[in-house]
Amino acid sequence: MNKKLVVIGLLGTKLDHVSKRKDRWQQWRPTVAACQQPDLLVDRLELLFDRHNTSLASRVAADIESVSPETTVQLHSLVMNDPWDFEDVYATLYSFARDYPFDTEREDYLIHITTGSHVSQICLFLLTESRHLPGALLQTSPSGRRNGPGDPAGMHRIIDLDLSRYDQLAKRFQQEHRESQSFLKAGIETRDERFNALIERIEHVTTATTAPILLTGPTGAGKTQLAKRIFQLKRNRDLVAGELVEVNCATIRGDQAMSTLFGHKKGAFTGAATDRPGLLKAADGGVLFLDEIGELGLDEQAMLLRAIEEKQFMPVGSDDSTSSDFQLIAGTNRDLTADVAAGRFREDLLARINLWTFHLPGLAERRDDIDPNLDFELARFAESAGRKVSMNKESRARFLAFAADPATTWRGNFRDLNAAVTRMATLAIGGRIGIEQVDEEIARLRDNWGAGRTEPGDNDHQTVLASLLRPEQIDDIDHFDRVQLAEVIRVCRRSKSLSAAGRELFQVSRLAKQRPNDADRLRKYLSKFDLRWEHIQSNC
């Protein structure tokens, strides 16, 4: 059965205007031209017009019947108070679409968008895109001749909004998705099929919704880095205008947690000398990443739930609510379902943040990806150290054989891999990691992963201090200060920079400072004992 072709369009009060002169048949008039196309047989035209233009609509209908007698013209008088008012125009056209008896089994529909105000054209496009008008778009245009009168029929183009039918567009969209997925993986050509499928789903959700995202997985699996890349992908797509605000919930407790997250008013408690907006407010218009969300107290969880659902929360000491519209990304290495059962986590909050949950597997579950991640870590070292380091074929094969061995636990996941590459690259002779460095690193990793074992001196503060200070210097330090100083030295030795060590050591008190300078604070502490960062690093 051949379907009938129906065109739906608005009367053009300027372009469709006709004069009584006979030469009007040489003029291009879009509504008439839509029915004059030699390869487009229009069975019926549904002509929409404002009630004030009834006379013009009748003349256009008569002309169409003259040039295309096979076309039936149906006139629809509409009430548009202001053709440039989007809400008014959309409501009018929506009502027409809702009430029109479409019969898609027997008829095909083209929506003519050449005429009408720009607002009307946009509204017709939106209604067609949403399938309230179940058809394709029809554009007509004059023939474009520069000399002499053009063909009054002009030209036409049909645009199907099903983009999958356009090969070039489909390829562009596929390429864009591939680039986004590669961005989420930091450009690493991962091979694990399950992980790649996971990233594909995360990419789709990232660009399609602002609902909370929950990232689960063991420590070191990459939750924090993935959260940062999710934010950046949203930023690149102009899906968020604000900033990424990141907080590790394990570092805040009690009143400080309330103040840090939700802010406080001046005088709310001892030490509250000024108003503090809080991190939720700082995330307004952006993304809030709550790492280790399972560490939050029940009171903070209740406040967070309201902030997610209502975009409102109450700063400490305030009688008035504050608003903040943010997207939440939460991370945890805990089983929140078990925490709910144990009464440590609110069931209603878990239900709210559990809409999109993605579990990041540990490195031991992604052994196929160790090879490309090894290259990634070498590139990271080259960028940070300013020198390129490579591995010869034999040393690379030995390290990968160890990495892929089921007995290799990778307990620290990607943090272990990063640390291993950093150590091997640092010790590489002539910028090339050899068998000697690989074997030494394998022995170190196995020793680190030994049951309950720690590095020498970790539990003996006297040994740690003796590696840097003379006996008489140690004798002049109180026992309390010795224990504290030894722990500071341990943190410095495992940190990449003075700032990184300071952030770990002052992770709580730094939050109360408007402009924390962790490096300077740590440097001054060490100087009290005649110690310098460089001295500690050289005596690791």
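Predicted model: local features only at pLDDT ≥ 70, side-chain atom pairs only at ≥ 80, totals over all residues.
View 1. Residues are numbered from 1 along each chain as its sequence is written, and side-chain values use heavy atoms, with hydrogens and water left out. Strand E4 (residues 107-112) and strand E5 (residues 136-141) run parallel and are joined by three bridges; two strands pair if DSSP finds at least two bridges between them.

**View 2. The open sheet of six strands.** Its order is E3-E2-E1-E4-E5-E6, with mixed pairing, where strands (E, at least two residues) and helices (H or I, at least four) are DSSP runs numbered from the N terminus. Strand E3 (72-78) and strand E6 (155-159) are the edge strands, each pairing on one side only.

**View 3. Helices H3 and H4 against the sheet.** Helix H3 (residues 86-99) lies across strand E1 (4-10), strand E2 (44-50) and E3, running at about 135 degrees to E3, whereas helix H4 (residues 118-129) lies across E1, E4 and E5, at about 150 degrees to E4. Contact means heavy atoms within 4.5 Å; axes are lines fitted to C-alpha atoms, for helices over the stretch in contact, and angles run from 0 to 180 degrees between N-to-C directions.

**View 4. Cys 123 and Cys 249.** Cys 123 is buried at a relative accessible area of 0%, and Cys 249 is buried at 0% relative accessibility (buried means under 20% relative accessible area, exposed over 50%, partly exposed in between, with a 1.4 Å probe and protein chains only).
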